[in-house]
Amino acid sequence: MVQQLDNLAEETAGKLEWLAGFGKDPEGGVSRLLYTKEWVEGQHALKEWMENEGLKARFDDIGNLFGTLTGKNTNETVLTGSHVDTVTNGGRFDGAYGIVAGIIALKYLKKHFGQPVRNIEIVSMAEEEGSRFPYSFWGSKNIVGLAKREEMESIKDFEGVPFVEAMKNAGFGFADESKGPRKDLKAFVEVHVEQGSVLETEKIAIGVVNNIVGQRRYTVEITGEANHAGTTPMGYRKDAVFAASQMIHEIISMARKTGDPLVTTVGKFEAYPNIVNVVPGKVIFTIDVRHTDKEAIISFTEQMTARMQDISKEHEVEMDIDMWMDEDPVPMDQKVVELIEKQCKQNGLNYKLMHSGAGHDSQIFAPVVPTAMLFVPSLKGISHNPAEFTEPADLAEGVKALIGALYELGYKE
C-alpha cells in the first residue's frame, strides 16, 4: 500500500529540527513547557503547517491543536498524534516525532488516496510531561473528559505562576465540562520514539506496542539511631544505611530472579546526618516497580514489602513505607494492534510486538478509545536529554507504519 516515499527520512528529520527551534536551549536541548512563549509559538507554527498541507486546523479550549483530513462520514474520526511539550532541556524527538509523523502521513494519504471514509485527524497535544506544573496528561485528559477544573485552579509552576494565569496569557481557558468527552473517536494511534534500547539492540525498525506497563512507586523511610562512629561497637548499632542497603540488595535480587518484563529501580537514596564519623540514623529511598501484568506487580510488591519488614526487625530499626503511585497496566486494543501488524507485514516492515516501559498519552486514551502505539528505535535508549536521537531512516520507517495504520483505519469500510 505504501509506495516509494522519496526524501521521507530527510523531510521527517528536517521538520523535527525545525520544530526544535521553538524552545531551543543554548546547551543544545529543547525546553518547550506548557503555555510558555516557546510553546505558543510552536503550536501556532504547527497550525500554519497543517493548513498549508490542506488540513482543517483548529485549537480546542485548552490549547490542543487538531488538523483534520475530512472524511465522507464526519461523525467518525481516527486520531493520531502526540504531545508538543518537552521536559526542561529535553530532546527534539519525544512527543514531537508523533506530531511530525502524523502530519506527513496525512499529507501522503491525501495525495495518494484522496478523501478517506472517516475523518483522520492529527493532534498536537498541549501537555503530557508534567514539567512545568504538578499535573500530567493535561492534553489527553481533556480530550477524553478526565481533566477536572478544580484540580488545576490552585496549582502553580516552579516560579509561582498560577496555572490559570499561564493558560489565560497563552490565549486559552478551561473546557466547558458540560459538553463531555468527544464521541466521534473510533481509534487512536500514537507513534513515538521508544525511549529504551530494545529495538536498537535487536536491530528492529518498528515496535508494535500491545501493552503499557503498570507502576507502583514507594518512598521508604528507615529510622535507626545516629551515634558516634568510633565509640559505638558494631553489635550495638542501629545502622539505617546497613538495613536499607540489605533491603535494596534483596529487592533488586528478587527482581532479577523474577525476570522480564518486571523491572525494579531504587532511584533516590538519602542518608542522615550524612557525616563521615556518624552512624547514620535515618535513610529515605524510593522504589519503582513496573510490569505488564497487574497480578504480577501485586505479588512481587507484597513479597518485597514482607521481606523488608523482616529485615527491619533483624536490624532493630523502624520502617515506614508509603506507596504513592499505583497505576494498573494498560493493554492496547487487540484489533487495532492486529491491523497495524497486518500493514507492517504487507509493507515489508521489520517489526516486533513489545510493551512500553514508560507512560504515554495512549494510556489515557486506551480505556475509552481503541488504541495502539508504534515505536521507533532510540540511540542507546537515551531520552529526556539533548542527546536523544533516532536515525532518519528509522524515523521514515515509523512514518510508513503509521501511514499503513491510518489507511487501514481511515479508508477501509
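The model is predicted, with local features needing pLDDT of at least 70 and side-chain atom pairs pLDDT 80 or more, while totals for chains, interfaces and linings use all residues. Numbering runs from 1 along each chain as its sequence is written, and side-chain values use heavy atoms, leaving out hydrogens and water.

**View 1. The β1–β2 hairpin.** Strands β1 (residues 56–59) and β2 (residues 65–69) pair antiparallel over four bridges (pairing takes at least two DSSP bridges; strands are DSSP E runs of at least two residues, helices H or I runs of at least four, numbered from the N terminus). Ala-57 has Gly-67 in β2 as its bridge partner. Five residues sit between the strands, and Gly-63 in the turn has a positive phi of about 115°.

**View 2. The largest pocket.** There's about 1100 Å³ of space here (a pocket is an open set of points on a 1 Å grid over the protein atoms alone, where a 1.4 Å probe fits, with protein on both sides within 12 Å along at least five of seven lines; lining residues have an atom within 4 Å of a point; volume is the space filled by probe spheres on the points, joined across faces, edges and corners). Of its 39 lining residues, Gln-215, Arg-290, Gly-357, Ala-358 and Gly-359 lie nearest the centre.

View 3. Asn-142, Ala-175, Asp-176, Gly-180 and Pro-181 lie nearest the centre, out of 21 lining residues.
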